[in-house]
Amino acid sequence: SSSSQERPSALDAKKRNRPEEQVEQPEVDNKKRKIETVGGEHKVFVGGLSYDATEDDVRNFFADCGDIVSLQLETRSDGRPQGYGHVTFATKEAMENAVKKSGQDLLGRWVKVNEVKKSQAPSGCDTVFVGGLPFEIDEAALREVLHECGEIVE
């Protein structure tokens, strides 16, 4: 499905390279850190997408990798695309095939494809960084949203 909306042609470099989320963690030996696939899913992050890329374009790009279970292209609150998304595959092999496509061209852009991994925080880690918030959000609103996660100390 294509859109008739005008879309910006490029992301600001700083925004394009900004991590989705960051977790502040104490120094640990990375060899001991356990990494696992998120929820048993075979999910990849797809970045560097053209603002003109549709779900069909992304599905066609990964068509030779294997069966796609779900595909989500991220958008801003006003509906404009953010230039990245997530694709979940039916099998680990399909996901691995997708990761091999990192650096290939899709609609004139080299896309980045990485396996989504969930890291288990080291013992005692209780701090998270929450980024990408609207400028108008205040502490009370953030606490209201996060209260169900547990007690917020600071």
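This is a predicted model: local features need pLDDT of at least 70, side-chain atom pairs count only at pLDDT 80 or more; totals for chains, interfaces and linings use all residues.

Reply: Residues are numbered from 1 along each chain as its sequence is written, and side-chain values use heavy atoms, with hydrogens and water left out.

Me: How many helices and strands are there in the chain?
Reply: The chain has four helices and eight strands; these are DSSP runs numbered from the N terminus, with helices being H or I of at least four residues and strands E of at least two.

Me: Which strands does β2 run antiparallel to?
Reply: Strand β2 (residues 42-47) is joined to β4 (residues 81-89) by six bridges, and to β7 (residues 112-115) by four. Two strands pair if DSSP finds at least two bridges between them.

Me: What stands opposite Val44 in β4?
Reply: Val87 does. In β7, Lys112 stands opposite Gly47.

Me: New topic. Which residues touch the most other members of the largest nonpolar core?
Reply: Val44, Leu49, Val58, Phe62, Val87 and Phe89, out of 18 residues in that core. Helix α3 (92-99) gives the most to this core, with three residues. A nonpolar core is a set of buried Ala, Val, Leu, Ile, Met, Phe, Trp, Tyr and Cys residues joined through side-chain atoms within 4.5 Å.

Me: And what counts as buried?
Reply: Under 20% relative accessible area, with a 1.4 Å probe and protein chains only. Of the 154 residues of the chain, 23% are buried.

Conventions
Buried means under 20% relative accessible area, exposed over 50%, partly exposed in between (1.4 Å probe, protein chains only).
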